[in-house]
Amino acid sequence: MSTSLTASGRPPIADDAGPQALCAREPRVPAERLVAEMVPPPRFDSVRFDTYNPDPTQPSQAEAVTVLSGFAAGLGGAHASGAGKRRWFARTPKNPAAAAPRGVYLDGGYGVGKTHLLASLWHATPAEPALKAFGTFVELTNLVGALGFQQTVQTLGGHRLLCIDEFELDDPGDTVLVSSLLSRLVEQGVALAATSNTLPGKLGEGRFAAADFLREIQGLSAHFRPLRIDGQDYRHRGLPEAPAPFSDEQVAKAAYATPGASLDDFPGLLEHLARVHPSRYGALTDGLSAVCLTDVGPVPDQSTALRLVVLADRLYDREIPVLASGVAFDRLFSEEMLAGGYRKKYFRAISRLTALARDAKPLVSQ
């Protein structure tokens, strides 16, 4: 069954009849919405450089704030492709081919505040919101799929800044696509900023034959100045491990008692995610105040696991608590998955779902 949509393409908020089911939602997302929503997600609406709290034992965190503040200040004035073009991090070389990279690349483990810093850069850049774009790597590739390559270049080519969160290359096709796209945007004067758990020269490592795409990977790396950010996952500093799951009855009762909550069994939700394109996972959660899941268990295969990672990111961006029964979220992925090429994605998903599970605990006492 498909849920009805509002004029904006969003499903309506649940009424008082009871919780919704994510499995009953099949959102259709217009291309123009994908473009309009390329801004920092709700969780990062109010973040700024001065709200980032660097760990005093990790000097690279304070250094990142200083470097990015200067980078943002350098983006003022005329568009970089015309008069007033500025260069960052180095004096303008005599040889134009030796110009400094047109972007910064925030490399570090999950939970060290990279997205906070990337969103702060977006907010600090002195340009109208329509001249700045912010999205995850998946959202960027989905935009190309919706608009086509040339139209995406035209749409983003007049921007001052493109911020790409969670920069990952999951297949060779994405390597070539993103390398070509970013090269075209840099030619048009767009500055770049990205976050990842993997240095740009090592993207794709452990997942496909990176040597076969060395030229593309090196081309990507040339666009960025890597900026390492060390530290521990702030979501877990001094906090307990993943909360113990609740019973099916507790989860269902909380779902019915919480206006705007959804209620699904986890195996059914995983099957539904296979039928919904990941570009629509954000729309899948529109209007929800909480996501309630029963019978959570280990994810059966890698394709399913990667879809769950995207959903976890969208839930985290939107600060939607997740209440669950079954196994704890730190047992979702097998040891083989956590040792493989996508391990950093899985650890990020565990980290984020654990934070959302903590947020959901008060729902049980309602």
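Hi everyone, let me start at one particular spot: Glu319 sits in the loop between helix H11 and strand S8 (322-326). Helices (H or I, at least four residues) and strands (E, at least two) are DSSP runs here, numbered from the N terminus. Glu319 has a positive phi of about 55 degrees, although it is not a glycine. At 43% relative accessibility, Glu319 counts as partly exposed. For these words, buried means under 20% relative accessible area, exposed means over 50%, and partly exposed is in between, with a 1.4 Å probe and protein chains only.

A quick word on the background. This is a predicted model, where local features need pLDDT of at least 70 and side-chain atom pairs count only at pLDDT 80 or more, while totals for chains, interfaces and linings use all residues. Residues are numbered from 1 along each chain as its sequence is written, and side-chain values use heavy atoms, with hydrogens and water left out.

Now the overall picture. The protein has 13 helices and eight strands. Of its 366 residues, 52% count as buried. Its accessible surface comes to about 15,900 Å², and 53% of that belongs to carbon and sulfur atoms. Those areas come from the Shrake-Rupley method with a 1.4 Å probe; for residues, only the protein chains shown count as cover. As for contacts, meaning heavy atoms within 4.5 Å, take those between residues at least 6 apart in sequence: 83% of them join residues at least 24 apart.

Let's move on to salt bridges. A salt bridge is a side-chain nitrogen of Lys or Arg within 4 Å of a carboxyl oxygen of Asp or Glu. By that rule, the count comes to ten.

What does Asp286 pair with? Its partner is Arg33, and the closest N and O atoms are 2.9 Å apart. Asp286 lies in the loop between helix H10 (281-284) and strand S7 (290-296), and Arg33 in helix H1 (residues 31-36), so this pair ties together parts that are 253 residues apart in sequence. Asp286 and Arg33 are both buried.

Next come Glu139 and Arg314, whose side chains meet in a salt bridge at 3.8 Å, N to O. This pair also links distant parts of the chain, with Glu139 in helix H4 (residues 137-147) and Arg314 in helix H11 (residues 302-317), 175 residues apart. Are these two residues buried or partly exposed? Glu139 is partly exposed, with a relative accessible area of 32%, whereas Arg314 is buried, at 3%.

Then there are Arg348 and Glu166, whose side chains form a salt bridge at 3.8 Å, N to O. Arg348 lies in helix H13 (residues 343-360) and Glu166 in the loop between strand S3 (161-165) and helix H6 (172-187), so the pair ties together parts 182 residues apart in sequence. Arg348 counts as buried at 7% relative accessibility, and Glu166 counts as buried at 11%. Salt bridges that share partners join Glu166, Asp313, Arg348 and Arg352 into one network. Glu166 also brings us back to where we began: it has a positive phi, about 60 degrees, although it is not a glycine.

Let me turn to helix H9 (residues 266-273), which is mostly covered, with six of its eight residues buried. Which ones are they? They are Phe266, Gly268, Leu269, Leu270, His272 and Leu273. What covers these buried residues includes S6, H10, S7 and H11.

Strand S6 (residues 261-265) holds Asp265, which is partly exposed, with a relative accessible area of 39%. Asp265 belongs to a patch of negative charge on the surface, together with Asp248, Glu249, Glu271 and Asp295. Patches are made of residues with over 30% relative accessible area and no salt bridge; like charges are joined within 9 Å, and nonpolar side chains (Val, Leu, Ile, Met, Phe, Trp, Tyr) within 5 Å.

One last stop is Ala124, in helix H3 (residues 114-124). Ala124 is partly exposed, with a relative accessible area of 35%. Not counting residues up to four places away in sequence, Ala124 touches Phe49 and Ala72. Ala124 and Leu75 are 49 residues apart in sequence, and their C-alpha atoms are 9.6 Å apart in space.

Conventions. Lys and Arg count as positive and Asp and Glu as negative; His and the chain ends are not counted. The place of a charge is taken as NZ of Lys, CZ of Arg, CG of Asp or CD of Glu.
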